[in-house]
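My notes follow the structure.

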Amino acid sequence: MSPAKVNLRRSVRAIVLDEDDRILLCRLVIAKPSGTINVWAAPGGGVEPGETALAALRRELREEVGLAIDADPPHVWHQKVIDPGHAVGYDGVINDYFLVRTASFRPRGVMSDDELAAENIDGFHWWQLSDIADYRGSDVFSPRDLAAPLAALIAGGVPARPVPLSL
């Protein structure tokens with residue numbers, strides 16, 4: 001008997017770093033049966049049927065934060081989360097993260113505030129690595145240990161192969 005097929009949502013995310021190595025994160029407000037959870041995550045989203053990962057990344061960055069990228073950014077991290085409650089309608093998610101270096105800017109994409117809210121996005125913030133590492137509030141980061149892989153990426157540059165991440 002073969003095991004049941006796991007239905008995972010394919011997503012792309014951008015590690016957007018500015019000239020001061022600050023990372024741009026979006027605040028997601030996620031309603032769970034146990035209550036609301038606030039998650040700081042890299043901008044991005046689902047890959048549509050027939051769409052390449054890089055085309056999805058370009059679309060998501062334009063829609064959410066108003067950033068246009070021309071070159072193909074390097075694929076730096078890979079995350080596979082199997083958790084039926086993680087993405088509505090799916091058994092989990094696969095996130096591929098790409099490094100985008102840019103000058104600091106005020107995030108404002110083509111999506112309206114209502115459209116952003118429908119995507120659970122409640123705001124954007126440029127974070128210093130030290131502020132992520134030292135954070136003790138009730139919000140969480142995605143991945144939860146974001147400071148560790150981010151520190152390695154900033155210090156070591158683009159890895160030879162995408163670094164696997166946990167939840």
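These entries cover the cores and then the backbone.

I am working from a predicted model, where local features need pLDDT of at least 70, side-chain atom pairs count only at pLDDT 80 or more, and totals for chains, interfaces and linings use all residues. Residues are numbered from 1 along each chain as its sequence is written, and side-chain values use heavy atoms, with hydrogens and water left out.

Cores. I looked up nonpolar cores (sets of buried Ala, Val, Leu, Ile, Met, Phe, Trp, Tyr and Cys residues joined through side-chain atoms within 4.5 Å; buried is under 20% relative accessible area, exposed over 50%, partly exposed in between, with a 1.4 Å probe and protein chains only). The largest has 18 residues, and Ile15, Ile23, Leu25, Trp77, Ile132 and Leu150 have the most contacts inside it. Helix H4 (147–156) is one of the elements that supply at least two residues; its three are the largest share. Helices (H or I, at least four residues) and strands (E, at least two) are DSSP runs, numbered from the N terminus. Another core, of 16 residues, lies apart and includes Val65 and Phe105.

Cis bond. I found a cis peptide bond between Ser142 and Pro143, with omega about -5°. Ser142 is in strand S8 (residues 140–142) and is buried at 12%. Pro143 is in the loop between S8 and H4.

Positive phi. Asp21, in the loop between S1 and S2, has phi near 60° and is partly exposed at 25%. Asn120 has phi near 70° and is partly exposed at 35%. I note that most residues other than glycine have a negative phi.
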